[in-house]
Structure formats: C-alpha cells, structure tokens
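Hi there,

Here is the structure I promised to pass on. Please have a look at it first, and then read my notes below.

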Amino acid sequence: MTGRVITITSGKGGVGKTTATANISAALAAMGHKVVCMDADIGLRNLDVVLGLENRIVYDLVDVVEGRCKVRQAMIRDKRLEELYLIPAAQTRDKNAVAPKDMVRICDELRQDFDYIVIDSPAGIERGFKNAIAPADEVVIITNPEVSAVRDADRIIGLVEAEQKGPAKLVVNRINTDMVERGDMLAVADVLELLAVELVGIVPDDTAVLVSTNKGAPIALEPKSKTGQAFRDIARRLTGEEVPFSASNGNNGFLGRISKLMKSKEGRNA
Amino acid sequence: MSEVEAIQIDIKGIREGLLVSLPQGEWPALEQALLDELARRGDFLKGAKLIINAAEHELNVATMSRLRDRVTDSGLLLWGVLSSSAQTERSAQLMGLATRIHDGARPPDTEPVEEYEPAAPQDLGPDAGIMVRRTLRSGASLHAPGHITIIGDVNPGAEVVAGGNVVVWGRLRGLVHAGAGGNEDAFVCAMDLSPTQLRIAGHIAIPPAERGQVSPEIARVQDGQVIAENWTLG
C-alpha cells in the first residue's frame with residue numbers, strides 16, 4: 001500500500017486550513033480509508049483541538065523527528081472513527097525543529113500503512129510551509145472570497161509550481177451566497193478567473209462550523225449538515241470521484257457560471 | 001578531494017546583503033564548496049541575505065530549490081540569483097528570487113538595465129526582447145533590458161520591468177514598468193489593461209478602479225502624461 005500525501009495550505013492565516021484538514025480527514029476516514037492527519041504548525045498547534053483530541057497527546061511530531069519515540073507512538077486514534085489518526089505538532093518548539101527532509105522521511109514511513117496522509121500547513125511561506133509541502137503528492141489551497149486571501153493563494157500556487165508539486169487544487173471556503181448575489185462578495189467564478197486552477201470544493205459560510213470546531217467534533221460527520229456535505233464532496237473529489245457541484249449547492253445560475261468558466265479554463269490550459 | 005579545496009568562493013557585502021561569486025566548475029562540487037564556506041564562517045553570517053552570482057551555470061528549479069533549503073539550513077536566506085543563463089534566471093524567477101540587484105546610488109530613472117548581461121549568445125541590439133508563455137502569479141518578478149512579451153496573465157502582486165516595451169496577451173493586473181532605463185517612447189499594451197500601477201520611464205500612473213467594457217488598450221507617454229487608448233492596428 002502506498003498512501004497519498006495531501007497538504008492543505010493557504011498562505012494567509014485564518015481562512016480555514018485546520019478546519020478543512022480535520023473535516024477532509026474525517027470524511028475520508030468515514031468513507032472507509034485509513035487516514036492519518038498531521039499538524040505541521042509547530043509552535044501553534046490546533047488540529048488536535050479541532051478534532052477534540054488535545055487531552056490525549058503524549059508524544060508529538062518533534063519527538064518523532066528527534067527520535068524520542070516511534071511514529072506509531074505519536075499517533076492518536078480518533079474518538080469516533082477507527083481509521084483516523086492524528087500526529088500532533090509540538091506546542092513548545094518552533095518551525096525550525098523540523099526540516100523538509102524529516103517530513104519526507106516520516107511520510108514515507110506512513111505511506112506503508114495508510115491510504116491518505118493529510119498535512120495541515122501553517123500560514124506563511126517560510127520554513128513551516130516548506131516542511132508541509134516537501135512530502136506532498138497533492139496540494140490543496142484553501143482561500144476565502146476576499147481579495148487578500150486570493151492574492152496570497154495566487155502566490156502560494158506559484159510557489160507550489162516552483163517546487164514542482166503543482167498544479168494545486170482549490171477550495172473556496174466561507175462563501176455567503178446572499179452576499180454574492182448582492183454583489184458584496186467575490187463569487188467563486190471571480191476567484192477562479194484569477195487563480196485558474198482546478199476547483200475541488202465550495203464550502204458555505206456557516207456558524208455551525210464554529211460550534212463544531214469548539215466542540216471538537218468535525219462537521220463532516222453530521223449527515224444533515226450542508227457544510228458537512230461540502231466537505232464530504234471535497235473528500236470524494238480528492239479520491240478521484242466526479243462529484244457535480246450542484247450536489248452541495250442548489251443555485252443553478254450561480255453554478256452554471258462556474259462550470260462554464262471551468263470548461264473555458266480547461267480549454268485554455270490544454 | 002583536493003579539487004574541492006581549490007574552489008575559491010568569493011563573498012562580499014553589498015547593500016542588499018552578501019554577494020557570492022562562484023567560479024567555473026562542476027555544479028555539485030561548487031554547491032558543496034559554497035556550503036562549506038558558509039559553515040566555515042559560521043555564526044558571523046547568520047541571518048544574512050545571500051545573492052549568488054551563478055554566472056553561466058545552468059540551474060533548474062529542483063537544484064535551486066535544494067540549494068535554497070541548504071542555505072536556509074545554514075541559517076542564511078537565499079534572496080537572489082544573478083545569472084547570464086536564461087534557464088537559471090527563469091528558475092530563480094519561478095521561485096520568487098531576485099534576479100537583479102539595485103544600485104541605490106543612481107536615480108530611479110536611469111537605474112537598472114545597464115549592468116544586465118543579456119542571456120542571448122549574440123547581441124541583438126536595442127530591439128532584443130524576451131517572450132514568456134505562462135501566467136505570472138503574485139510574487140513573481142520579471143526583469144529584462146529589452147522588450148517583454150507575455151502570453152498569459154500578470155496577476156496582482158506580480159511585477160514586470162522592461163527596458164523596452166511590454167506586451168501582455170492576457171490580463172495585466174500587476175505592476176508594470178516599461179522604459180525602465182528612461183525611454184519615454186516605451187509603451188505597454190494588454191488585452192485587458194488594468195494594472196495595479198503602470199510606469200513608463202519616470203512617469204507613474206494609477207489606472208481608474210472601475211472600468212467599463214474590457215478591450216485591448218495601449219498606454220504611452222504623451223505631453224508628459226501617461227495615457228491609455230484602444231489598441232488598434234495601424
């Protein structure tokens with residue numbers, strides 16, 4: 001078995017990388033895949049909190065890197081899903097405690113036993129980002145429909161290309177359809193027009209995400225939630241399934257525009 | 001290996017940081033010699049910005065990326081790569097590294113271009129230009145002494161600086177500077193001309209935020225002012 005390494009990154013902070021990592025990992029595990037998610041945000045860890053596993057941490061990523069424990073010992077099994085594990089970041093160290101080659105080594109070891117290794121990248125374009133993308137087979141960029149987040153996503157897409165890890169895939173998080181219709185927010189089509197990469201998800205702006213994050217229970221595991229469905233759709237697309245965007249979002253005019261635009265982009269890149 | 005010891009790495013301080021000049025030689029050995037030299041100087045150089053003059057060495061992105069990681073591991077920052085090789089320069093630009101250093105002593109109008117050595121084997125004169133077939137994303141920077149043609153978009157946060165004209169067959173939304181050597185006759189044209197800022201020679205213009213129908217436009221200096229008009233043949 002050789003697992004795929006998926007790195008979730010964004011450039012800008014606070015756009016929802018950690019939430020997306022937790023939910024995509026949970027959705028993949030709920031589909032029956034063996035998944036380990038890894039927090040590469042050394043010094044500012046919070047994937048453990050979002051997954052509700054904070055109190056079970058014994059060893060962390062830096063302990064593995066520095067040889068104080070084996071990878072297995074640092075893995076925490078999720079409370080709800082049998083096949084979901086977390087490797088937490090160290091809170092008391094900084095990004096320089098880990099080097100890109102350490103990440104590659106650890107991921108190569110994990111590939112033997114897991115279908116998916118999902119890495120939560122820290123914000124920024126420095127060492128932590130380089131650590132997170134060094135082992136990646138696939139890079140997923142999270143952005144929000146706001147100009148500054150899109151600008152940073154553009155920069156990151158360029159850096160990912162330069163590291164020969166591209167083409168990156170895109171998730172637009174926190175879309176508020178009412179605001180888009182009123183013209184107060186960038187539409188997904190506007191974001192795609194600039195970034196010109198493959199879209200794998202649109203996640204609505206939903207206060208329930210905040211609640212689930214605080215509770216440490218990923219919203220992707222709530223069958224009735226539309227936002228949870230959006231994350232489940234992303235997970236399915238990442239496994240190679242074709243999932244139409246109308247499944248997670250009913251507005252035809254809006255989506256018609258997106259799919260039209262995606263087709264024209266494909267044509268241009270070909 | 002006695003050959004490695006013979007490699008002379010020259011490091012000198014300039015305004016931007018440390019300029020490292022690499023001699024002739026085979027690449028892996030040179031890279032090692034550089035890192036050994038950095039290690040030998042130890043803490044003295046820690047945190048400094050490094051600009052490497054790679055001369056005609058051909059470096060691809062993977063090699064340069066590894067070099068950057070190793071420089072970072074030595075506690076320094078790889079900030080720029082100067083080269084007369086087009087391949088090396090392209091790699092550096094892709095990685096968002098500087099490919100040219102400023103000389104602060106000169107006024108901005110006459111600043112950049114003359115110290116640049118063209119990558120082309122023969123000098124094609126002032127009409128020489130380069131063509132780039134990709135989108136320049138935020139953080140990318142493209143500098144050339146002659147004309148620049150881009151087939152693709154120039155996104156916000158990217159910059160294009162040419163001694164001559166700039167033609168963008170796509171959307172131009174970043175910063176563009178034509179006639180950077182002071183040529184007032186330089187022009188900029190694009191299928192969609194909406195740069196963050198547009199400079200021609202010493203003139204700076206900020207295009208209006210709201211525009212109507214998008215059509216190809218050309219910007220040039222007329223009576224001391226930057227003007228944009230429809231780009232038509234003839």
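Let me begin with a tryptophan: B:Trp169 counts as exposed, at 53% relative accessibility (exposed means over 50% relative accessible area, buried under 20% and partly exposed in between, with a 1.4 Å probe and protein chains only).

Some ground rules before the rest. This is a predicted model, in which local features need pLDDT of at least 70 and side-chain atom pairs count only at pLDDT 80 or more, while totals for chains, interfaces and linings use all residues. Residues are numbered from 1 along each chain as its sequence is written, chains are lettered from A and ligands numbered from 1 in the order in which they are written, and side-chain values use heavy atoms, with hydrogens and water left out.

**Aromatic rings**

Over all chains there are 2 aromatic pairs (rings of Phe, Tyr and Trp, the last by its six-membered ring, with centres within 6.5 Å; planes under 30 degrees apart are stacked, over 60 edge-to-face and the rest tilted). A:Tyr85 is buried at 11% relative accessibility, and A:Phe114 is buried at 1%.

B:Trp169 and B:Trp231 form an edge-to-face pair too, at 6.4 Å centre to centre and 80° between the planes. B:Trp169 sits in strand 9 of chain B and B:Trp231 in the segment after strand 15, so the pair ties together parts 62 residues apart in sequence.

A:Phe114 also has A:Lys34 over its face, 5.5 Å from the ring centre (the rule asks for NZ of Lys or CZ of Arg within 6 Å of the ring centre and within 35 degrees of the ring normal). Likewise, A:Arg237 lies over the face of A:Phe245, at 3.9 Å from the ring centre.

**Salt bridges**

The count is 26 salt bridges over all chains (a side-chain nitrogen of Lys or Arg within 4 Å of a carboxyl oxygen of Asp or Glu). One of them joins A:Arg111 and A:Asp137 at 2.7 Å, N to O. A:Arg111 belongs to helix 5 and A:Asp137 to the loop between helix 6 and strand 6 of chain A, 26 residues apart. A:Arg111 is buried at 14%, whereas A:Asp137 is partly exposed at 35%.

Another joins A:Lys169 and A:Glu138, whose closest N and O atoms are 2.7 Å apart. A:Lys169 and A:Glu138 are both buried. There is also a network of salt bridges linking A:Asp63, A:Glu66, A:Arg68 and A:Arg93.

**Where the chains meet**

Chain A and chain B each give 19 residues to the contact (heavy atoms within 4.5 Å). Across this interface there are 6 salt bridges, and A:Asp154 and B:Arg137 meet in a salt bridge at 2.8 Å, N to O.

**Confidence**

Chain B averages a pLDDT of 81, with 85% of the residues scoring at least 70 (pLDDT is the predictor's confidence in each residue, from 0 to 100). Over residues 103-123 of chain B, pLDDT stays under 50.

Best wishes

Notes:
Helix = DSSP H or I, 4+ residues; strand = E, 2+ residues; numbered from the N terminus.
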